[in-house]
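Q: I'm new to this one. Can you walk me through it?

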Amino acid sequence: MTPAKHVRGVEDLGKDGILEILELSNHFLEVSNRRIPKVPALRGKTVANLFFEDSTRTRLSFEKAAKRLSADVMNFSVSSSSVKKGESLRDTVETISAMGVEAIVVRHKSVGVPWILTQWTDASIINAGDGAHEHPTQSLADCYTITQQLGSIAGKRIVIVGDIKHSRVARSNVKAFSALGASVALVAPPTLLPPSIENWPVDIIPDLDVAIKEADVMYLLRMQLERQEESLVPSLREYTNLYGLTFDRSKKLQKSALVMHPGPMNRGVEISGNVPNLPNAVITNQVGNGVIVRMAVLYHILGSGIALAGLSSEDEDND
Amino acid sequence: MKTMTEVVIKGGTVLDKTGSKKADIAIGSDGNIAQIGEDIAGKKIIDATGCIVTSGLIDLNSHFCQPGDEEIETISSGTRSAVLGGYTAVMLMPHTSPTIDSAAAVKEMQSLRSEALCHIEFSGSLTVDGLGEALSPIGEMASLGIRFFVHSNFSSLDASLLRRAMEYGTKFDITIGLTPFIDGIGHMHEGVVSSDLGIQGIAIEEEEILAYQFVRMAQLTGARLHLQQISSPKAIEIISAAKADGVSITCEVSPHHFALTDEEVRSYRTVYKVAPPLRTKKETEEIKELILSGQVDAIATSHSPKPQHLIDLPFEEAPYGTIGLETAFAVSATELNAPLSEILSVMSWVPAEIAGLEATHGGVLSEGRPGNLIVVDENKQWSPSISEMAIKSMDSPFDGCQLTGKIKDTLVNGNVVVSNGEVQI
């Protein structure tokens, strides 16, 4: 297939694109396990990390992915206050673009920013999270993790629990999981479900204790502490009782069921302190795979024409 | 008995409230209609062959940003757009800087009339600074001719203050214009699209509840109300029921609320961020039916230009507002696909009455009335282009749309201000 120009949302890739990224990820997993986990695939290309919202984890993951491919990396952390000082989003992007970059990885608190940036730059845009909308590379890491652990995603029951309404991870994952043939169920307090999701390819299950028994994957979302202040839930304690994966509740999981979380976790809120240490909790695998799939995404977008089979690690003196 | 005729509009079909007939219209040197008849000769001829000649349009809801934000729009640039769109009078909203909430501010606005290409009417802010905290000096402003007082942000006006405003206003011959919209945490219509995009929604029920509240308060106080920018068919039904109940109330809708839907927001273009928000296909279809069944009194643009740097923003960060004066007629004609008289009723005849301008605008064309006229080419197919608009703002939701029906000429007080689609001044 023709490589995507951008990865702004899951739909930029589609089912075939996701499968291609997952296939590429196998190669980059192998690269990452080498003594020198670095290949010259993107030598001479520049990737700019443009983070308008603090996210050290995602930025580091993208940075590591780009460096393993020998791309040059520019990091711009733009606090929202500098926009108030007068520099607009457009000015920032046109400035970075003028310096010469092949790809811009963008994180922004507002929905749609990766799409509107394409008006102002010819660079490829990779979405590292836009508001409550999409986070496609998290989704790819999750798909890769499930495929690694369970062999495939098709036919699996994936239960996503928590603040669906405000979650970009949930929106991207519903699209990606269902594109790959999973059956997705959502469990959330009514106040944390989007108001009109009758067209989403999901089942809504009101009771976590019912959903948990069906789950091949139990995917927990981060519960933002401010949701309590907004009266979206009466208290975090009540949330944990009804929607948290407590240690007792985790005993109802099928033996092979995976426990996943996009991080950062609120231990003791959506997940009990000791649940992440269970053998089927693959939360750190998700983080590691994040780097792998981001390598695959960067290679997919920027590395066309470079034969994958010929990717050999750089000599140490080249670094 | 013949007065000197300056301009003759020849060969068209004259249309007004009373009906239509083939006739020429001669404008006298005083700017008034001198004669309506056949084969009139004159110094300057406007060819209206195949066109409709009728009264100019009246907009009840425009924002020209002067004083305060002249970089964005001025009385001069705004009225250029207005006359190109066939408007011979516009009612300006008071949300300028400073707010039009005092006699001094009214006088400043009135002094700007000389810069306008068409008649401009001013509304006053119902509360000081539009903040919803204290009543503006309604009586002082009314004594200067202000007949329309508005409030548009109901996150900041308590019901008791609104009741006092309505009660106090009954002493004067004024209309209170209210927009049933709360500027809260939402950015777009709450529904399928907002759920897909993860953008906080604004439930249509909010508007309906406020509309009902306003209707009941009008009933309680006897105030004359005009509800602005209605986007909910149910709210229009609530208003219709109130009219049947004897409440003195009218309402307006904006072309974008029946021509565009919330699906547009999937493009993230801020030109689609309006208050109240664009609704769904179901509402747009119902609103069109309600207009054609006579339940909507006026189409008003809510023309609100924005500078480029406020257009180039993420959707959630952008201010509300879009432009509309140059496209409102064509969009309405295209979308409603109804006899021109039905469109003129909601764009000229009834708005003239709501604005208190029926002596000079809208309604009936007869000898002696001011020459506030337009020549409309009903069948002209065209596509608006933002680069060709008079407007200072750089984006229009109808840029590039295929529309049917265009304003060919506009006369304000007998002066030809637009000829063949070009501003003459």
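Q: Is B:Ala275 buried or exposed?
A: B:Ala275 counts as buried, because it has 21 C-beta neighbours inside 10 Å. The cut-off for buried is 20 or more other C-beta atoms within 10 Å of a residue's own; exposed is 12 or fewer, and partly exposed is in between, with C-beta atoms placed from the backbone.

Q: What kind of model is this, and how are things numbered?
A: This is a predicted model, where local features need pLDDT of at least 70, side-chain atom pairs count only at pLDDT 80 or more, and totals for chains, interfaces and linings use all residues. Residues are numbered from 1 along each chain as its sequence is written, while chains are lettered from A and ligands numbered from 1 in the order in which they are written.

Q: Back to B:Ala275. Where is it?
A: B:Ala275 sits in the loop between α8 (255-259) and α9 (281-292) of chain B. Helices here are DSSP runs of H or I with at least four residues, strands are runs of E with at least two, and both are numbered from the N terminus.

Q: Which residues does B:Ala275 touch?
A: Leaving out residues up to four places away in sequence, B:Ala275 touches B:Phe181, B:Asp183 and B:Tyr320. Contact means C-beta atoms, placed from the backbone, within 7 Å.

Q: New topic. Which residues of α4 in chain B are buried?
A: In α4 (residues 159-169) of chain B, B:Leu162, B:Ala165, B:Met166 and B:Gly169 are buried. They cover an arc of only 95 degrees around the axis, so they are on the same side of α4(B). That arc is taken from the directions from the helix axis to the C-beta atoms.

Q: What do they pack against?
A: The buried residues of α4(B) pack against α3 (138-143), β12 (148-151), β13 (175-178) and α6 (204-221) of chain B.

Q: How is chain B divided?
A: Chain B has domain 1 (5-53 + 368-383 + 400-423) and domain 2 (56-354). The bounds come from an automatic or database domain assignment.

Q: How many residues are in contact between them?
A: 18 residues of domain 1 of chain B are in contact with 19 residues of domain 2 of chain B. On the domain 1 side, β20(B) gives the most, with seven residues.

Q: And chain A: how many helices and strands?
A: Chain A has 12 helices and nine strands. Buried residues make up 47% of its 319 residues.

Definitions and conventions:
Two residues are in contact if their C-beta atoms, placed from the backbone, lie within 7 Å.
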